[in-house]
Amino acid sequence: MALISAVLEILQRPATGDVMYELMRLMAPIWVAVLVGILVGWAWKPKWANLNVDFLDNNPNKGESANKSVMLLFPQLASPIPSLSSLKQQLPSWIFDFTAFDKDNSTSPSVSCPDNYSLSKSENEKSSVVNVDDLRHLHKLVEEKDEGPAWIKMMDKSISGMSYQAWRRDPEIGPPQYRSRTIYEDATPETLRDFFWDDEFRSKWDDMLIHSETLEECPNTGTMVVQWVRKFPFFCSDREYIVGRRIWESARTYYCITKGVPCSSVPRRSKPRRVDLYYSSWCIRAAESKRDGRLTACEVILFHHEDMGIPWEIAKLGIRQGMWGAVKKIDPGLRAYQKYRASGHSLSRSALMAQINTKVSVDTLDDEEEESPDSMCCGTSEIEDVVSEAGKKASSGRGIPKMLVFGGAVALACTLDRGLLTKAVIFGFARRFAKLG
């Protein structure tokens, strides 16, 4: 109605020149939004819009690897319209990062299963998907001895039965890192350990998980390699994770480690896109209840970072906006899981694997860390390797043309009338983000 009223007001002007000038000024932002929408829409075109190289070359002697190499070197062959493809080369590469292609890893994970496992057998640990170096890294994070950047507090919220605090920091290399501390009332460490490991039950409370499958497992150490496919917002394709995970236990304190691992046995696909740099690990231990001070509550300290393949500044905005909404779903899921277990249902395979833990002494870890303070560089070097391999495609967001950012905001504001992102948030973010360029 506002647009119609503006047009009628313009047509009532006496001079033809004034009418044409006002109409052009009115239509210019709309055409800019349309053009930006076309460019963004072409960047995220569906798979059927691509011109497959197999169609151009029917030589049966050329395998899939050759086709992938051609697509990698000549992305313009992905489209039957050269003029639109040439625009891709002139725009920032992160726009097209959502339809990613990646090289297959040459090595598959080997889950070692030593019969008599102990911390002293470091040679066995080195060959494991998740090893003692990962344990030392998590222990240092929990004890705040990792010597990383300072944590910036983001959030402090609570509901009945749960309190939540979150921090963020930006390392020199790699994506933003997040730390959270959650207190769950009336819960035991063992219940939460099984709850977070139970992929079968997770699908009942985590609506982002659309597929999970166990690829490998070791019944001696409890090490697992699992595949997840997680649903992302409408403007991103779904993401695939190949995750190695394992649990250590020290006097009812559980160190649960999950991280991305290479896996050539599962071929890469254009959709869902595989996330290589992924780290999400937590420490679970008993805590004092905020109600009466007794040890009837449970504390979960989580450390998380991942390279989702989108600009990190945009990722930080999305995480900040959606973090509390996602966290609030965990507590109802936990209470449903407690009732599920109390009713006598049999444990799933992943929950049974969660109960296979490697015993460890925290005092031993502290002594080893004092003797070799540089042993914890593995966390940073892993990030360096993955970021370097990816060519640092997901940059921090700096250097993006301001007009492109603002034009994208115009397109979103003109197409979204309601939903998670309001027009005020879109334009406010565009102004602040453009200042970084």
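Strand β2 and strand β3 (residues 177–184) pair in the antiparallel sense over 8 bridges, where pairing requires that DSSP finds at least two bridges between two strands. Strands here are DSSP runs of E with at least two residues, helices are runs of H or I with at least four, and both are numbered from the N terminus. Within this pairing, W167 stands opposite R179 in β3. The model is a predicted one, so local features need pLDDT of at least 70 and side-chain atom pairs count only at pLDDT 80 or more, while totals for chains, interfaces and linings use all residues. Residues are numbered from 1 along each chain as its sequence is written, and side-chain values use heavy atoms, with hydrogens and water left out.

M155 has A166 of β2 as its bridge partner. The hairpin of β1 and β2 has 2 residues between the strands, and G161 takes a positive phi near 90 degrees there.

How enclosed is β2 itself? Strand β2 (residues 162–169) has 8 of its 8 residues buried, so it is largely enclosed by the rest of the structure; buried means under 20% relative accessible area, exposed means over 50%, and partly exposed lies in between, with a 1.4 Å probe and protein chains only. In a regular strand the side chains alternate between the two faces of the sheet. In β2, M162, Y164, A166 and R168 point one way, S163, Q165, W167 and R169 point the other way, and all are buried.

R168 and R179 are 11 residues apart along the chain, and their C-alpha atoms are separated by 6.2 Å.

Stepping back to the whole protein, there are 16 helices and 11 strands. Buried residues make up 43% of the 437 residues. Among the contacts with a separation of 6 or more, 64% are between residues 24 or more positions apart.

The largest nonpolar core has 42 residues, and those with the most contacts inside it are Y184, L192, F195, F196 and I284. Such a core is a set of buried Ala, Val, Leu, Ile, Met, Phe, Trp, Tyr and Cys residues joined through side-chain atoms within 4.5 Å. L192 touches Y184, A187, I284, C298, V300 and L334, leaving aside residues up to four places away in sequence. A second, separate core of 21 residues includes V130, V225, V266 and V360.

Aromatic rings can be followed next. A pair of aromatic rings is described by the distance of the centres and the angle of the planes. Rings of Phe, Tyr and Trp (its six-membered ring) pair if their centres lie within 6.5 Å, with planes under 30 degrees apart counted as stacked, over 60 as edge-to-face and the rest as tilted. The whole structure holds 12 aromatic pairs. One of them joins Y241 and Y278 edge-to-face, at 5.0 Å centre to centre and 65 degrees between the planes. This pair links distant parts of the chain, with Y241 in strand β6 (residues 239–250) and Y278 in strand β9 (residues 278–287), 37 residues apart. Both Y241 and Y278 are buried.

The pair of Y337 and Y340 is stacked, because the ring centres are 6.4 Å apart and the planes are at 20 degrees. Both residues lie in helix α11 (residues 330–342), 3 residues apart, about one turn of the helix. Y337 is buried at 0% relative accessibility, whereas Y340 is partly exposed at 24%. Y337 and Y340 belong to one aromatic cluster with F195, F196, W197, F201, W205 and W282.

Cysteines complete the survey. The structure holds 0 disulfides, a disulfide being a pair of cysteine sulfur atoms within 2.5 Å. The sulfur of C256 is 8.0 Å from the closest cysteine sulfur, in C283, which is too far for a bond. For C298, the closest cysteine sulfur is also in C283, at 9.2 Å, again too far for a bond. C256 is buried, with a relative accessible area of 0%, and C298 counts as buried at 0% relative accessibility.

Technical notes. Contact means heavy atoms within 4.5 Å.
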